[in-house]
Amino acid sequence: MSDLNTQRTYALVGHGGSGKTSVAEMLLYTAGVVNRLGKVEEGSTVLDFEPEEIKRRGSVQPGLASYQWNKNQHYLIDTPGDSNFSGDLSYMLTAADGVVFVIDAVDGVKPLTRKVWAEVHKAGRPSLIVINKMDRDRAEFDPAFESISEALGARPALLYYPIGSKENFKGVVDMLSGKALMFGEDGGVTEADIPADLADIVEPMREAMVENVAESDEELMEKYFEDGELSSEDIIKGLKAGVLSGELVPVVVAAALNNMGGSLILDAVQDLLPSPLDHAVWEGEEGERASSPDAPLAAFVFKTMADSFAGQLTVVRVLSGELSPDSVVLNATKEEKERIGQLLLMQGKEQGTAKEPVGPGAIVTLAKLKNTSTGDTLCAEKNEFKLRKPELAPQLITYALAPAEKGEEDKVYSAVAKLLDEDITLNLSRDEESADILLSGMGQNHIEISVEKAKRRYKVDILLKTPKVPYRETFKTGATEIQGRHKKQSGGRGQFGDCWIHVAPQPHGAGYEFEDKIVGGSIPRQFIPAVDKGVQETARRGVLAGFQVIDFKVTLYDGSFHTVDSSEMAFKVAGSLAFKKAAEKAQMALLEPVMLVTVAVPDSFMGDVIGDLSSRRGKVLGSDSQAGVTEIKAHVPMAEMLKYAPDLNSMTAGQGTFFMEFAQYEECPPQETEKIVAAYKASQEDG
């Protein structure tokens, strides 16, 4: 087992397009794991190997690697930056002790950057920031650096200041040593004197860095006030303490595609990010577990992957104790034993083997486990521990799936269901009313790529139907003294149920309420739940356009029964009939889901984007401009946002980004309601 004091386990995190996978490739190349620097654009990186990743030139699943740096063991998790594929980021952060957060020197902090940073902050993971792409056109260090404090609210401690930018980026000033480090062609660095034109710029920035370090520790603060300076040892000590407490975020600059800065990042990871022994106790559903090799074994399953040769691969982070090859463990979530075979160490799709037991912080992959899935905890048989699962982001969009050929619905369902083991941010269901197969995910790209994967792996042709917008129906006015009477006589025992109800609207979000006001036994007690059930089942199917009716109250106040012919079924039908009559008598409304949309675009596109959002029935809530980028917030109906991604791309020459989350339900405008109701009635007549 490696020395846990010097072991590092971290996640690479950042917004889509910031260059995380290129940074990972540079780190693996610098550490000697690969002998050639792969490129995302060429589909040749170690960590993006799925056909869908190569095709779209971006990560759709986490990439895993392990390596040694200066004889110290490191485990790396490269997380996807596209919000379509980062819904399980909380699971990746649970598996990491620290974070290397990548920001683009061209665009700085984007809206999605803030969202991802908020997740890192919520998880409490000590972080360092890499400002990447310093060699690109339009790269600007100052705005990108300032956005760390202004937009992320973090306290940065600058470790390296860039020498040159864009095509002239050629080195950095080491703020601790006061030396210039110039990059060579092989990624190596050579010491030099600081260029004269930078001396006046670097000195105040170094002072700001030392002040930030001093402010993170009372003892250092006193020393700084007394002496006016801190030694290099004091600065490093303060940096480590500040990073561990979350007070400080060290900042490194790099240009990953040209192999500039790999060793600087690796040194910062080694010197400043925490070891597994620094991790706080793990919170279980019952009790805690120390992050210690001396504690009983516990390991968290944070990812499941499919391999064409090995089948299902289960990726775990060891929380405590030791995990050994050829051992038996307990799946505490499923209460079943699992036999562990080899411990695999992943380098992208390549697999090595760990011969020795591994301890806290280790990321290893297990093959052919029978009953284990993502989110489960494996532990010692006699010392049960179940980690409290992290929260997942909610699905944002739903599509209906259909086979290209009729009669293959079950084949489609089965193929897509197999993806759910490896992607816990997907949800598969069937619509009870239409029998449609529904696939919910984090966005249009997420659904489309998941379907591509199912088609490729399981040889089934799947059609994507128009995204299903989850409209709802509700009562605008109530209806009183409504009778539901079901009487049927056809020889032998008949059916009889009779109920009287009032229906009233409830405030938004109050849900459904059923009140029993039967007195004197006009309906026997055993039949009253059947009336409730009849109402609820009919409400689920809707009355206007087939969507669930929400936020209403039903009061059952009278009825009658037959001693022989009354039954639960008869009163269930009576309840259903009463509800339908109430809906006909009352005024009904269609509700549509409204999303909180955040769009970030260069200032020059702001007018076009706001105009477009307004044309989508959007209500702009406000805008904020920083460093040439305007962030616009708006409430927009989900129905108008289903194909927004390609439209925004076209409108902003690929420079716009957005994300959205559910905000609330609002009443649909009359003209939209008419269209939806007409479409529903036409579909009922056709089918």
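Modeller: Of the contacts (heavy atoms within 4.5 Å) in the protein chain between residues at least 6 apart in sequence, 71% join residues at least 24 apart. The model is predicted: local features need pLDDT of at least 70, side-chain atom pairs count only at pLDDT 80 or more, and totals for chains, interfaces and linings use all residues. Residues are numbered from 1 along each chain as its sequence is written, and side-chain values use heavy atoms, with hydrogens and water left out.

The protein chain contains 16 helices and 34 strands; these are DSSP runs numbered from the N terminus, helices being H or I with at least four residues and strands E with at least two. Along the principal axes, the C-alpha atoms fill a box of roughly 100 × 60 × 55 Å. Of the 687 residues, 53% are buried, where buried means under 20% relative accessible area, exposed over 50% and partly exposed in between, with a 1.4 Å probe and protein chains only.

Helix H9 (residues 262–272) is largely enclosed by the rest of the structure, because nine of its 11 residues are buried. Among the buried residues of H9 are Leu264, Ile265, Leu266, Val269 and Leu272, and also Ser263 and Gln270. In helix H5 (residues 141–150) lies Ser147, which is buried with a relative accessible area of 8%. Beyond its neighbours within four places in sequence, Ser147 is in contact with Gly108, Val109 and Leu152.

The backbone deserves attention at two loop positions. Most residues other than glycine have a negative phi. Glu335, however, has a positive phi, near 60°, in the loop between strand E16 (327–331) and strand E17 (336–340). Arg617 likewise has a positive phi, of about 65°, and is found in the loop between helix H14 (606–615) and strand E32 (619–626). Glu335 counts as partly exposed at 49% relative accessibility, as does Arg617 at 23%.

Two further residues give distances across the chain. Ser177, in the loop between strand E8 (171–174) and strand E9 (179–183), is partly exposed at 43%. Ser177 and Leu159 are 18 residues apart in sequence, with 9.8 Å between their C-alpha atoms. Phe662, in strand E34 (residues 657–667), is partly exposed at 46% relative accessibility. From Phe662 to Val364, 298 residues away along the chain, the C-alpha separation is 36 Å.
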